[in-house]
Amino acid sequence: DKGEGPELCQTCSSSPKVFNSSQFNDANNNGKIQIKLFVNPECQYSNGAIRILKETLKNNSNINGVIYIISTFKGFKEFALNHKDIAEANIETTLDTEELHKKEYEIKETPAFIIEKDGQIYRVQGQPDLDDILKNKL
């Protein structure tokens with residue numbers, strides 16, 4: 001069902017599964033897929049979700065990614081200090097202190113991925129197998 005996704009993964013330590021999205025390079029989406037990741041620094045599953053997004057972006061030039069951090073300024077500072085790798089990977093990061101973006105996408109739990117393709121929006125909770133989702137469900 002589009003908009004619904006797998007629950008939290010069994011383990012955060014497994015290698016993230018990534019995909020090669022070259023089959024999505026068509027005239028309808030101009031070769032771009034937007035993936036938005038919502039994380040909360042206090043959630044134990046956020047690090048695994050960030051790894052999945054980083055690997056996916058690294059291996060696919062036709063995907064744009066944004067990380068929305070749902071936290072206070074203090075929580076963001078601590079998160080940023082612990083995740084310098086996000087800046088090194090040139091991933092846009094936004095602090096959502098008032099939870100406006102979270103409400104816009106009806107995010108109930110984190111981590112959550114929002115995948116936008118061809119005007120369609122898909123919401124997936126947890127640490128999904130992006131390869132499976134993008135190849136078989138979009």
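Me: What makes two strands count as paired?

Reply: Two strands pair if DSSP finds at least two bridges between them. In this predicted model, S1 and S2 meet that condition with 7 bridges, in the parallel sense. S2 is also joined to strand S3 (residues 92–95) by 4 bridges, and these two run parallel.

Me: Which residues stand opposite Tyr-68 in S2 and Glu-92 in S3?

Reply: Phe-38 is the residue opposite Tyr-68. Opposite Glu-92 stands Val-66.

Me: Is S2 largely enclosed or largely open?

Reply: S2 is largely enclosed by the rest of the structure, because 6 of its 7 residues are buried.

Me: How is a pair of aromatic rings described?

Reply: By the distance of the centres and the angle of the planes. The count here comes to 2 aromatic pairs. One of them is formed by Phe-38 and Tyr-68: the centres are 4.8 Å apart and the planes make an angle of 15°, so the pair is stacked, the limit for that class being under 30 degrees. The pair links distant parts of the chain, with Phe-38 in strand S1 (residues 33–39) and Tyr-68 in strand S2 (residues 63–69), 30 residues apart. Both Phe-38 and Tyr-68 are buried. Ring pairs also bring in Tyr-105, giving a cluster with Phe-38 and Tyr-68.

Me: Where do nonpolar side chains tend to be in soluble globular proteins?

Reply: They tend to be buried together. The largest nonpolar core in this model has 22 residues, of which Ile-35, Leu-37, Leu-53, Ile-67, Phe-113 and Ile-115 touch the most other members. Elements giving two or more residues to this core include S1, helix H1 (46–59), S2 and strand S4 (112–117). H1 supplies the largest share, 5 residues. A second, separate core has 8 residues, among them Phe-38, Tyr-68, Ala-112 and Ile-114.

Me: Which residues does Ile-35 touch, leaving out those up to four places away in sequence?

Reply: Its contacts include Leu-53, Thr-56, Val-66, Phe-113, Ile-115 and Leu-130.

Me: Is Asn-82 buried or exposed?

Reply: Asn-82 has a relative accessible area of 57%, and exposed means over 50%, so Asn-82 is exposed. Asn-82 belongs to helix H2 (residues 73–82). The C-alpha atoms of Asn-82 and Pro-41 are separated by 9.8 Å, with the two residues 41 residues apart along the chain.

Notes. Residues are numbered from 1 along each chain as its sequence is written. This is a predicted model: local features need pLDDT of at least 70, side-chain atom pairs count only at pLDDT 80 or more; totals for chains, interfaces and linings use all residues. Side-chain values use heavy atoms; hydrogens and water are left out. Rings of Phe, Tyr and Trp (its six-membered ring) pair if their centres lie within 6.5 Å; planes under 30 degrees apart count as stacked, over 60 as edge-to-face and the rest as tilted. Buried means under 20% relative accessible area, exposed over 50%, partly exposed in between (1.4 Å probe, protein chains only). A nonpolar core is a set of buried Ala, Val, Leu, Ile, Met, Phe, Trp, Tyr and Cys residues joined through side-chain atoms within 4.5 Å. Contact means heavy atoms within 4.5 Å.
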